[in-house]
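User: Hi! I am new to reading protein structures and would like to know where the labels come from. Could you take me through some of them?

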Amino acid sequence: MLILKRDTWSEIFYALDKNKVRTALTIIGVVWGMLLFVFLLGLVNGLRNGFDRDLKGNSTNSLFVWTQQTSMPYEGFGRGRTFSLKTEDVDAVKNRFEHVNMVVPRNRQSATIVHGTAYSNYSIYGDYPEQNKMFVKKVIHGRFINDDDFKNESKVVVIGDGVIEDIYKKGDQVIGSLLRINNIAFTVVGIYEGQPNGFEGNQSVFMPFTTFQKLFNQGNNVGFMAINIKDEYDIKQAEEQIIQFLKTRHKVHPDDTQALGSFNLGAMFAKLFNFMKGLEFLTVAVGFLTLLAGVIAVSSILLISVKERTKEFGIRRALGAKPSQIIGQILLESAVITFFSGLIGIIVGTLILASINNYIENQPDSNVPVVNSSVDIYVLSGAFLLVLVMAVLAGLIPAMRAISIKPIDALREE
């Protein structure tokens, strides 16, 4: 076989070495294409991993509903009326819609929390235990609120690790310690680790919903409802149906768009995921076109090389070289240039991604949503193989040009 002959490789490296500048420019083109492909795709994967990390434990197919002021008079009620959601609305929504998987009421207040002589102001949430199923908090010590806490209206709280930094001394025992809220003692039963810039942050305090209602004299009022929709249903349509249902229950005009506020978490995540898919497609397209440009550059350089070596090929043909040997020689040159260039591009791109990952990991409070920027080995291997195949196919053009010249005409070439 031609590829196993030592003379073949000697001729390839001689031809490449003879035109160092041209060979170097060709290699740079392919290296840049592969490097850009690896870097861009790795960065997009890092962003995807970052979003997955930040959204881990969150029920993405969810929405929030709360009350505001009416903007239209209706059934004897004037414009500008304020009203509240009730605990009865929770069961009503769940029983009315089969596509609702879970409905969790929630209340929130700001209050001063005292521990010993230290104190500070924090957001306090009254929650059902199910809240932690929809939006899982990473409890690093102790536990979260459970059903017994809810039923018994227990005076227990779960606090964020940021609260500990504020009002506890180093070395203090946190689990089992007492905090005073509105002059009432609460026992700390859990500590969660939160993101400082997240929705609830790391300086929030959670207590049973029933306890919260009594502590802040809320009766059966609900601040807002978190509603989880089954995955097979359209969350946007579900949002509209639920809001219309609540308008009817609270005697709000059907066309009043201000009486009830809502935030569709599922729709936002859908847009985010579609954006990531589009970004990934754009990255692959840009990377592929860049690689294609590099392959075309290889073909162009080989065409020039064939033109300069016309006499050489004429002599070889006159001495009995078969056309297949000439074609094989040129295709091997194309493959060798592309193989080593692509390999260099992969190595350099991987090193850049590794440097980015190392830098981000060493930033203690980094908010960059990039985690483990990398490219799947199968995707990388497929791209590398595709470039090699394209380079070999592109090499057919100069190869066919080489054998199209008659030996006698090639020998006359000056």
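Analyst: Happy to! Let us start with a definition: a residue is buried under 20% relative accessible area, exposed over 50%, and partly exposed in between, using a 1.4 Å probe and protein chains only. This is a predicted model, in which local features need pLDDT of at least 70 and side-chain atom pairs count only at pLDDT 80 or more, while totals for chains, interfaces and linings use all residues. Residues are numbered from 1 along each chain as its sequence is written, and side-chain values use heavy atoms, with hydrogens and water left out.

User: Why is threonine 338 called buried?

Analyst: Its relative accessibility is 1%, and the limit for buried is under 20%, so threonine 338 counts as buried. This residue belongs to helix α11, residues 323–361. Helices here are DSSP runs of H or I with at least four residues, strands are runs of E with at least two, and both are numbered from the N terminus.

User: What does threonine 338 touch, leaving aside its neighbours within four places in sequence?

Analyst: Contact means heavy atoms within 4.5 Å. With those neighbours left aside, threonine 338 is in contact with Val30, Val298, Phe384, Val387, Leu388 and Ala391.

User: How do you know whether lysine 133 is buried or exposed?

Analyst: Set its value against the cut-off: lysine 133 has 61% relative accessibility, so it counts as exposed. You will find lysine 133 in helix α4, residues 131–134.

User: Which label does glutamate 153 get, and why?

Analyst: Glutamate 153 has 30% relative accessibility, so it counts as partly exposed. The residue sits in the loop between α5 (147–152) and β6. Its phi is positive, about 50°, although glutamate 153 is not a glycine.

User: What makes asparagine 217 exposed?

Analyst: Asparagine 217 has a relative accessible area of 70%, so it is exposed. Its place is the loop between α7 (209–215) and β10 (221–222).

User: Why are α3 and α8 called oblique to each other?

Analyst: Their axes cross at roughly 130° and come within 11 Å. Axes are lines fitted to C-alpha atoms, for helices over the stretch in contact, with angles from 0 to 180 degrees between N-to-C directions. Angles under 35 degrees count as roughly parallel, over 145 as roughly antiparallel, 65 to 115 as roughly perpendicular and the rest as oblique. The helices α3 and α8 are therefore oblique to each other.

User: Which residues make that contact between α3 and α8?

Analyst: On α3 they are Glu88, Asp89, Ala92, Val93 and Arg96, and on α8 they are Ile242, Phe245, Leu246 and Arg249.

User: How do you know that β6 and β8 pair?

Analyst: Two strands pair if DSSP finds at least two bridges between them. Strand β6 (residues 156–160) has 5 bridges to β8, in the parallel sense. One of the bridges puts valine 158 with glycine 190 of β8.

User: In which sense do β5 and β7 run relative to β8?

Analyst: Strand β5 (residues 138–142) runs antiparallel to β8 (residues 184–193), joined by 4 bridges. Histidine 141 stands opposite isoleucine 191 there. Strand β7 (residues 178–181) also pairs with β8 in the antiparallel sense, over 4 bridges, and leucine 179 has phenylalanine 186 as its bridge partner. A hairpin is formed by β7 and β8, with 2 residues between them.
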